Amino acid sequence: MTSVLILNGPNLNLLGTRQPEVYGTTTLDDIETLCKNHAEVTGMTVEFHQSNHEGTLVDNIHNARGRHDGIILNAGAYTHTSIALMDAISSVELPAIELHLSNVHARETFRHQSYIARVAVGLICGFGARGYVLAMDAMKDHLEH
Ligand code: CA2
């Protein structure tokens with residue numbers, strides 16, 4: 001059974017409580033439920049985490065080695081700044097998909113830069129909470145082909 005780590009970065013714990021015009025009204029708990037339900041339907045297992053701390057996210061990525069087949073990462077603003085997260089993804093040698101709720105390329109230019117994209121197999125952005133399910137399907141497909 002395909003096992004995926006879904007990892008969420010800084011401020012994503014606030015989803016559904018502020019800036020609904022940008023990030024929607026779905027909470028991160030709702031997204032976790034959506035992913036767990038989708039995992040059940042598609043025969044996958046998911047572990048779901050959020051942290052506001054770069055080092056904790058690095059630890060989560062390291063811990064995925066030997067436990068998961070792939071990583072889906074919404075690194076939040078660390079996407080645009082973190083060489084540490086990029087190196088962590090490279091070091092575990094697991095396929096990673098970069099994920100964003102918003103279309104980062106339609107937003108400020110500083111969000112167009114991504115360290116994660118350099119080491120990801122692909123990128124999904126702009127589809128809101130549904131993007132998590134799309135990323136799960138993309139990971140399953142990537143691992144099977
Ligand atoms: O679109 C995404 O998923 C982002 O990763 C979200 C990050 C942002 O820095 C990235 O450029 C794109 C920010 C997450 C902030 O989440 C909030 C949720 C509710 C209220 C305020 C912030």
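**Cysteines and the ligand site**

The sulfur of Cys 35 has its closest cysteine sulfur 17 Å away, in Cys 125, which is too far for a bond. Seen from the other end, Cys 125 is likewise in no disulfide, the nearest cysteine sulfur being that of Cys 35. A disulfide here is a pair of cysteine sulfur atoms within 2.5 Å, and a search of the whole structure turns up zero of them. As for solvent, Cys 35 is buried, at a relative accessible area of 0%, and Cys 125 counts as buried too, at 17%. Buried stands for under 20% relative accessible area, exposed for over 50%, and partly exposed for anything in between (1.4 Å probe, protein chains only).

A word on the model: it is a predicted one, so local features need pLDDT of at least 70 and side-chain atom pairs count only at pLDDT 80 or more, while totals for chains, interfaces and linings use all residues. Residues are numbered from 1 along each chain as its sequence is written, and side-chain values use heavy atoms, with hydrogens and water left out.

Now to the ligand. There are 17 residues around the ligand, and Asn 74, His 80, Leu 101, Ser 102 and Arg 111 come nearest; to be included, a residue needs a heavy atom within 4 Å. By class, this shell holds eight nonpolar, seven polar and two charged residues.

A ligand oxygen atom lies 2.7 Å from an N or O atom in the His 80 side chain. On the backbone side, a polar atom of Leu 101 is 2.7 Å from a ligand oxygen, and one of Asn 11 is 3.4 Å from a ligand oxygen. The protein covers 94% of the 500 Å² of accessible area that the ligand has on its own (Shrake-Rupley method, 1.4 Å probe).

Note on methods
Polar contact = N/O pair within 3.5 Å; in protein donor to acceptor, adjacent residues only side chain to side chain. Nonpolar A, V, L, I, M, F, W, Y, C, P; charged D, E, K, R; others polar.
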